[in-house]
Amino acid sequence: MTWATKWMLPAEGSDYAHQSDVIYAGLFILCMLMFAGIVLATVYFAWRYRFKAGRVTPHQTHDTQLEIIWSILPTALCVVIFFVGLNGYLKYAVAPGNSMEIQVTAKQWLWQFEYPDGSRTINDLHLPVGKNAHFVMTSEDVLHDFFVPDMRVKMDIVPGRYTEVWFNPTVMGTHVVTCAEYCGKGHSDMHAVLTVENDADFAKFLETGGTEWEDYFSGKDPTKTPEAWGHLQWERKGCSSCHNLDGTRSKGPSWKGIWGKMEKLNNGTTVLVDEAYIRESEMQPQAKIVDGFEPIMPTFQGLLKENEIRGIVAFIKSLQ
């Protein structure tokens, strides 16, 4: 049993959680002492000045010394509590410069997380242990609230605005992320799993591009297919700015109907549009330039994960 659970709190998952729990414990003990003092004083005075036949209670006007004490001491106590809380707020209001920034999008009724390398996950958050994580959050629909009980962080997510929060996870394992603001009928199901892992496991996780793509290759949802995943990459990676889907000419060749076609190149040769050609065009776009187009496409080497390439290939293949 940890120190925190003794106080009926979730396990401490971050440095901030420990500091928060110390303040909580201090306020709890203070309240208990004040409660005990008031109750004991009440019981004592009720007994000390109980009714006795023939006893006359002397008339009291006021006690200046007592009035000063009960005015100054509570005020000083409130000021101390205020500045202790303010110190903690200021310390965690601005994330350290070495923090890993994660974009959080809340929507009815799920969490979307985007990592610095573009990897995305749905309801599945991964963080390396002992590293600062800075969350920049917004909502696509209604008011939500990002709440991680083990980390003791809680912040409203407001539509049309960006809010921020950060923490340093110190305990490996799984933790719960939930919405703490009623956001509709699916509010109680708006959960995510936070996995705190070592650097090696986190790097392996990023290499796969997150876990969002798994739904598109599992076959469980007929609306989520490899082709649909490829269409998402066409939008997200900026392919749509040069490659349209209706067969008309743009900055680059249209993707419509090119699968299996012999494409004429600017050096007079031809090439079969298959998976090998598409992969080469993504990694080494200047290797083979289609006749009539400028060599303006940048390389996506290191920017596309294997699952994203597979999705794009499936998407182009489906555009017949």
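**Exercise 1. Find out whether Y115 is buried or exposed, then work out which ring pairs with the ring of Y115.**

Step 1. Y115 has a relative accessibility of 2%, so Y115 counts as buried; the cut-offs are under 20% relative accessible area for buried, over 50% for exposed and partly exposed in between, with a 1.4 Å probe and protein chains only. One thing to keep in mind: this is a predicted model, where local features need pLDDT of at least 70, side-chain atom pairs count only at pLDDT 80 or more, and totals for chains, interfaces and linings use all residues. Residues are numbered from 1 along each chain as its sequence is written, and side-chain values use heavy atoms, with hydrogens and water left out.

Step 2. Now for the rings. A search of the whole structure turns up 14 aromatic pairs, where rings of Phe, Tyr and Trp (its six-membered ring) pair if their centres lie within 6.5 Å, and planes under 30 degrees apart are stacked, over 60 edge-to-face and the rest tilted. One of them is F82 with F83, edge-to-face at 5.1 Å centre to centre and 80° between the planes; both of these residues are exposed. The ring of Y115 pairs with that of F205: the centres are 5.4 Å apart and the planes are at 75°, so this is an edge-to-face pair.

Step 3. Y115 sits in the loop between strand 2 (110-114) and strand 3 (120-122), while F205 belongs to helix 4 (residues 199-207), so the pair ties together parts that are 90 residues apart in sequence. Helices (H or I, at least four residues) and strands (E, at least two) are DSSP runs, numbered from the N terminus. F205 counts as buried too, at 7% relative accessibility.

**Exercise 2. Trace how strand 2 is paired on the strand 1 side and on the strand 3 side.**

Step 1. Strand 1 (residues 100-107) pairs with strand 2 in the antiparallel sense over 5 bridges; pairing takes at least two DSSP bridges between two strands. Here V104 stands opposite F113 of strand 2, and the hairpin joining the two strands runs through 2 residues.

Step 2. Strand 2 also pairs with strand 3, antiparallel over 3 bridges. F113 has T121 as its bridge partner in strand 3. This hairpin has 5 residues between its strands, and G118 in the turn has a positive phi of about 95°.

**Exercise 3. Work out which residues of strand 4 are buried on each face, and which partner L125 has in strand 10.**

Step 1. Start with the pattern. In a regular strand the side chains alternate between the two faces of the sheet.

Step 2. In strand 4 (residues 124-128), 5 of the 5 residues are buried. D124, H126 and P128 are on one side, with L125 and L127 on the other.

Step 3. Strand 4 runs parallel to strand 10 (residues 191-197), joined by 5 bridges. The bridge partner of L125 there is L194.

**Exercise 4. Count the disulfides, then check C31 and C183.**

Step 1. A disulfide is a pair of cysteine sulfur atoms within 2.5 Å. By this rule the count is 0 disulfides.

Step 2. For C31, the nearest cysteine sulfur is that of C78, 11 Å away. For C183, the nearest is that of C179, at 3.9 Å. C183 is buried, at a relative accessible area of 4%.
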